[in-house]
Amino acid sequence: MTDQPPSSTPPYGPGEPGPYDPTQGAWGPAGQPQQGWVFPPTGGYPPGAGPYGPQPWHPGPPVNWYPPGYGYDPNDPLVTPPGAGLAGWFSRCRGSLRRGWRQLVPIMLLTQVLPAAVLSVISLGLDPSANWAAEAETSTTAALPDNFAVELVGLLVVLIGGSVLVGLLQAVGWAAGSWVITQQAAGQPGSLDSALRYGIRRALGLWGWTLLVSLLIGIGVCFCVLPGIYLAFALSMAGPVYLFERHNPIGRSFRMFHDRLGLLLGRVALVALAVIVGTLIPGALEGVGTSAFGTDPFASPDSAVGAVVVIGITAVLALPAHIAQMIGLLVTYAEQRAHEAPVNTPGLAAELG
């Protein structure tokens, strides 16, 4: 048998269907060259040819696109994805407040505002400065008033001990508020009673780490103030780290701060500014209001009631500062986690437990 050269005509007879033409969507007639096809086969269209012509080449995925299951979501209600910037951070803070203010307001009133107001009333009642001033006016010597050291130590013990106990209640509120914000962002119900139960369960550990952080910041302030400011920023993520990760909150907070210094410094500075403005103004109003009742407001029932009312009102005025601090730091923590690895709100809610 001898080899035959390939035929130069299509292997279809008259009346037989030709090859399927994908550009026409039909079978071509026999013996008729099909549009876009050549015979014999050449291996496909040459570069730049074909029914669709040359197409532009994209070196990467579109902006704000993430592969399925990768973990980032540009529309995540709590986690600000890398590249979203300050606008994305503000948007998630506003969303957290809009979803959770009905639960956050009573939580902050019970665990932040009320304990602070009670401590202020006790401090005002035990403040011996009025007696010291009266003794100084009647004394002809420059000696300190009688029992000065005892009264001063007693006042310091009350202030420090009261602040420690208030810190425990504040830890309940921080844990409960963080749970509410995360649950609601994940689309889960975040009721007030469930939040408080969660806060009580996690408060003791958070309180202990908060005391240690406060001690470190206080020592830093003693060394010319600036080290204390540095420690306040560097340890700002310790609370959220403990609630979500449960280990090494101080070391993790330091690493977050130094890995993304500019980003975290800017976010925490905005939170600190809101807290300073939101607490200094009520504090100044409290001082002016209580001074109107004399150096010893508890000398008479009327002045005592007036002083307590002033302290209560000014304490409530500081409520926005407490809420802004909690939301701002929590959203900042979620953003820091997103820069380390893909994370989303359901994953953070699962970590809270």
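Biologist: Does C224 count as buried or exposed, and at what relative accessibility?

Modeller: Keep in mind that this is a predicted model. To count as exposed, a residue needs over 50% relative accessible area. C224 passes that cut-off, so C224 counts as exposed, with a relative accessibility of 65%.

Biologist: Where does C224 lie, and what is its phi?

Modeller: C224 is in the loop between α4 and α5, and α5 covers residues 226-234. Although C224 is not a glycine, its phi is positive. The value is about 70°.

Biologist: What about V225: where is it, and what is its relative accessible area?

Modeller: V225 also belongs to the loop between α4 and α5. Its phi is positive too, near 70°, and V225 is a residue other than glycine.

Biologist: Let's go to R202. Which helix holds R202, and which residues does R202 touch?

Modeller: R202 is found in helix α4, which takes in residues 192-222. Leave out residues up to four places away in sequence, and the residues R202 touches are A175, Y242, L243, R246 and L352.

Biologist: Which side chain of opposite charge is nearest to R202, and how far away is it?

Modeller: R202 is buried, yet it has no salt bridge. A salt bridge needs the atoms within 4 Å. The nearest side chain of opposite charge is that of E351, and it is 9.6 Å away.

Biologist: Now for helix α1. At which residue does α1 bend, and by about how much?

Modeller: Helix α1 runs over residues 85-126, and a straight helix of 42 residues would span 62 Å. Between its end C-alpha atoms, though, α1 spans only 49 Å. There is a bend in α1 at G100, of about 80°.

Biologist: And the whole chain: how many helices and strands are there, and what share of residues count as buried?

Modeller: From the N terminus on, the order is β-β-α-α-α-α-α-α-α-α-α-α-α. That comes to eleven helices and two strands. Of the 353 residues, the share that count as buried is 35%.

How values were computed
Residues numbered from 1 in each chain as written. Heavy atoms only, no water. Helix = DSSP H or I, 4+ residues; strand = E, 2+ residues; numbered from the N terminus. Buried < 20%, exposed > 50% of the residue type's maximum accessible area, 1.4 Å probe, protein only. Lys, Arg positive; Asp, Glu negative; His and termini not counted. Contact = heavy atoms within 4.5 Å. Expected span 1.5 Å × (residues − 1). Bend = angle between axes of the 7 residues up to and from the residue.
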